[in-house]
Amino acid sequence: MEDYFSYTQALFNPSDIDAKPEALKGIRVLDFSHVIFGPTAARLLADFGAEVIKLELPFYGDLWRPATYWGKYWKHSNPIWHSVTKNKYFISVNLRLAKSKELIYKMAEQADVVVENFAPGTAEAWGIGYSQISKVNPRIIFTSCSTYGQYGPMRYFPGWDLLAQSASGVLSLNGYPGTDKFFKLPDYLGDFVPGNFAALAILMALYYRNKTGKGQYIDVAQSEALMRLLPHYTYHSLTRGEIGRTGNTDPSMVAAAIYKTGDGKFLALACATREQFKGLAQAMNREDLPEDPRFLSYLGCLKPENAQALRDVVTDWVKSKTSEEIVALANEKMFPAAVVVDDYDMCHDSWRRERGSVILFKDDMYGELMISGPSAAMSGTPSRTRWLARPLGYHNRLVLMKFLGLTEDEIKDLEKKKVTGTFDDRPGLKPPVYYNLDEDPIYNYGKEVRK
């Protein structure tokens, strides 16, 4: 057999992805969700082949469509929207109209999963909640995503990413000791992380249904999902103490911190074993450190006063070296160190492109866009990107005619009654100005397309 690393490189080769099967092909998902939390869960399923139909209000759409960072649009779209909602079918249905329920129920009959993140009780009040949909399709896996859950004293409280971070306890742990400042986790981790948990729960429910034939209701509260990442309260329950805020240090590893290098970059360093600590000491030409009475034992290294003294030594050494020199020494002496990368590094790193962890995707409508690849590589059924986000209602005809079997007259009747619709002249909802929808066979499904 060839060497292991050549074997794994061939096994996970990103260029072979399109020739491999999709793990969730044949699974149909109705995505009633909006913004990031719920859409992330549905998008993860779409990345692995599920047929995700995203429903939005006509002429209004998802709140996240126009809500771009600093008001900066890319080809009339929110750039981040493409990562959150790629690979989905976009249809626009007014869920609040009675006529719409007939359409939703017809979709639900053929669906496997529903994802929604309205305020708790809203889907039920509109007649499209679990109790109603499960009567139409008892095998349905219905997933409600909210900040505080579908029951309990806080169920009606409004919430978003920042509120979830606060209610989960994450904010109390993020910052520097001895200060009165707390720091929000970057971007929208309070949405993205719980979205991954929701997708995991859906996959477990699908597995259970495969064994029993039974669907179920899933209640995912983002404030609870974030708690699962930081079980510090378990420590408190046993010791009555608090780990508290530790800033850029790790109190369980030796010399663990973020340091500034001589060339102005930042670098993470942490030693988890005695051998790694000795390797760091050799790199610094300080073989005396592991024999210092303060650092003879792992416990001694972790005492706050000793840990700080050791970090001071490492800080001075790191300032005397470039980031490349330290990483080279780390590989030679076998201690862990990594440069803190930024957005530029992520986009231009050839190693990440080789692995497919970032992808320069060429889309038929939008052209090239750098997006994230899969969070885990699978040799047999890998994740893939098929298309980026699409304008509001772009797949109306395709879904209604091909998936549900509606006729041209029935589609026109739905449009006339404002049950369905598309977009108006708003960034985030409409296609790029240069794109001619009249020549698009998917947008005009069932029509003779003008050439």
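Over the ring of which residue does the charged end of Arg 28 sit? The charged end of Arg 28 sits over the ring of Phe 403, 4.6 Å from the centre of that ring; such a contact is counted if NZ of Lys or CZ of Arg is within 6 Å of the ring centre and within 35 degrees of the ring normal. This is a predicted model, in which local features need pLDDT of at least 70, side-chain atom pairs count only at pLDDT 80 or more, and totals for chains, interfaces and linings use all residues. Residues are numbered from 1 along each chain as its sequence is written, and side-chain values use heavy atoms, leaving out hydrogens and water.

**The sheet**

- Six strands make an open sheet with parallel pairing, in the order S3-S2-S1-S4-S5-S6.
- Strands are DSSP runs of E with at least two residues, helices are runs of H or I with at least four, and both are numbered from the N terminus; two strands pair if DSSP finds at least two bridges between them.
- Strand S3 (89-92) and strand S6 (216-221) are the edge strands, each pairing on one side only.
- Strand S4 (residues 113-116) and strand S5 (residues 141-146) run parallel and are joined by four bridges.
- Val 113 stands opposite Ile 141 in S5.

**Helices on the sheet**

- Helix H4 (residues 98-109) packs on the sheet and touches strand S1 (28-31), strand S2 (51-56) and S3, where contact means heavy atoms within 4.5 Å.
- The direction of H4 makes about 150° with that of S1; axes are lines fitted to C-alpha atoms, for helices over the stretch in contact, and angles run from 0 to 180 degrees between N-to-C directions.
- Helix H18 (residues 396-403) lies across S1, S2 and S3, at about 95° to S3.

**Aromatic rings**

- The count comes to 15 aromatic pairs, taking rings of Phe, Tyr and Trp (its six-membered ring) with centres within 6.5 Å; planes under 30 degrees apart are stacked, over 60 edge-to-face and the rest tilted.
- Trp 74 and Tyr 366 are a stacked pair, 5.7 Å centre to centre with 25° between the planes.
- These two residues are 292 residues apart in the chain.
- Tyr 366 is buried, at 3% relative accessible area (buried is under 20%, exposed over 50%, partly exposed in between, with a 1.4 Å probe and protein chains only).
- The pair of Tyr 89 and Trp 387 is edge-to-face because the planes stand at 65°, with the ring centres 5.2 Å apart.
- Tyr 89 lies in strand S3 and Trp 387 in the loop between S11 and H18, so this pair ties together parts 298 residues apart in sequence.
- Arg 386 lies over the face of Trp 387, 5.2 Å from the ring centre.
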